[in-house]
Amino acid sequence: MARLNRKQKRRKEEQEGLMALQAFMNAVIGVFRMYLFITSMIRPRRSELSPNPDFYQTHINNINRLVRGNDTDCHEQLRVNRQTFFRLCCLVRGVGLTDSRNVCLEERVAIFLWVLSHHTKQRRTKFKFYRSTETVSRHFNAVLQAVLRLHRMLLETPIPVPADEQDNRWNWFQV
């Protein structure tokens, strides 16, 4: 057998050192994996929140509490009383806006009034009404378009007071 020169000897020692380092790292990784496995088995898992089976009933209860409750709650939240709210719903329904597949018309109008009355962002509104941001935006725009179609019914052009008006209280509004 031939003797190894210095270069070959050094290379062989480096390879043996790298193999020893690799064996040590594999042992450390194995111990760490075992530790993670044991701690995952011992530690109790977080309990998952169960989905609400009455999810749509929750939406309806929220709207009923908001609109069909007492008049002060409706006025505080939507800035209109209940009678005005339902009158606006009838007007919007008359223009052609109806219930969508998952959202009733009253909830659509409530979303619209909520955004206008509180000057809120869609993120806050989606949290209040349990809807996505896209849903809030879509229904807000639909009710806004319906209200814009109602502008002739809601805004009347004033009739000028004639010059020969007999009632004295209207004399201030001539021309």
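In which loop is Y130 found? Y130 sits in the loop between α6 and α7, where helices (H or I, at least four residues) are DSSP runs numbered from the N terminus. The model is a predicted one, in which local features need pLDDT of at least 70 and side-chain atom pairs count only at pLDDT 80 or more, while totals for chains, interfaces and linings use all residues. Residues are numbered from 1 along each chain as its sequence is written, and side-chain values use heavy atoms, with hydrogens and water left out.

The largest nonpolar core has 27 residues, and L78, F85, V92, V109 and L113 have the most contacts inside it. Such a core is a set of buried Ala, Val, Leu, Ile, Met, Phe, Trp, Tyr and Cys residues joined through side-chain atoms within 4.5 Å; buried means under 20% relative accessible area, exposed over 50%, and partly exposed in between (1.4 Å probe, protein chains only). At least two core residues come from each of α2 (55–67), α3 (71–78), α4 (82–95), α5 (105–118) and α7 (133–149). Helix α5 gives the most, with eight residues. Setting aside residues up to four places away in sequence, F85 touches V67, L78, V80, E106, V109, A110 and L113, a contact being heavy atoms within 4.5 Å.

Helix α5 also packs against α7. Their axes come within 9 Å and cross at roughly 90 degrees; axes are lines fitted to C-alpha atoms, for helices over the stretch in contact, and angles run from 0 to 180 degrees between N-to-C directions. The two helices are therefore roughly perpendicular to each other, a class that covers 65 to 115 degrees. On the α5 side, the contact is made by R108, V109, I111, F112, V115 and L116, and on the α7 side by V136, H139, F140, A142, V143, L144 and V147. By class, eleven of these residues are nonpolar, one is polar and one is charged.

Rings of Phe, Tyr and Trp (its six-membered ring) pair if their centres lie within 6.5 Å; planes under 30 degrees apart count as stacked, over 60 as edge-to-face and the rest as tilted. F112 and F140 form a tilted pair, 5.1 Å centre to centre with 35 degrees between the planes. F112 belongs to α5 and F140 to α7, so this pair ties together parts that are 28 residues apart in sequence. F112 is buried at 6% relative accessible area, and F140 is buried at 17%. The pair of W114 and F129 is edge-to-face, 6.1 Å centre to centre with 85 degrees between the planes. Here W114 of α5 meets F129 of α6 (residues 122–129), so the parts tied together are 15 residues apart in sequence. Both W114 and F129 are buried.

Two further buried residues deserve a look. T125, in helix α6, has 0% relative accessibility and counts as buried. Beyond its neighbours within four places in sequence, T125 is in contact with I111, W114, V115, T120 and V136.

Phi of Y130 is near 55 degrees, a positive value in a residue other than glycine, and Y130 is partly exposed at 46% relative accessible area. H119, in the loop between α5 and α6, has a positive phi of about 50 degrees although it is not a glycine, and counts as exposed at 74%.

Terms used
Angles under 35 degrees count as roughly parallel, over 145 as roughly antiparallel, 65 to 115 as roughly perpendicular and the rest as oblique. Ala, Val, Leu, Ile, Met, Phe, Trp, Tyr, Cys and Pro count as nonpolar, Asp, Glu, Lys and Arg as charged, and the others, Gly among them, as polar.
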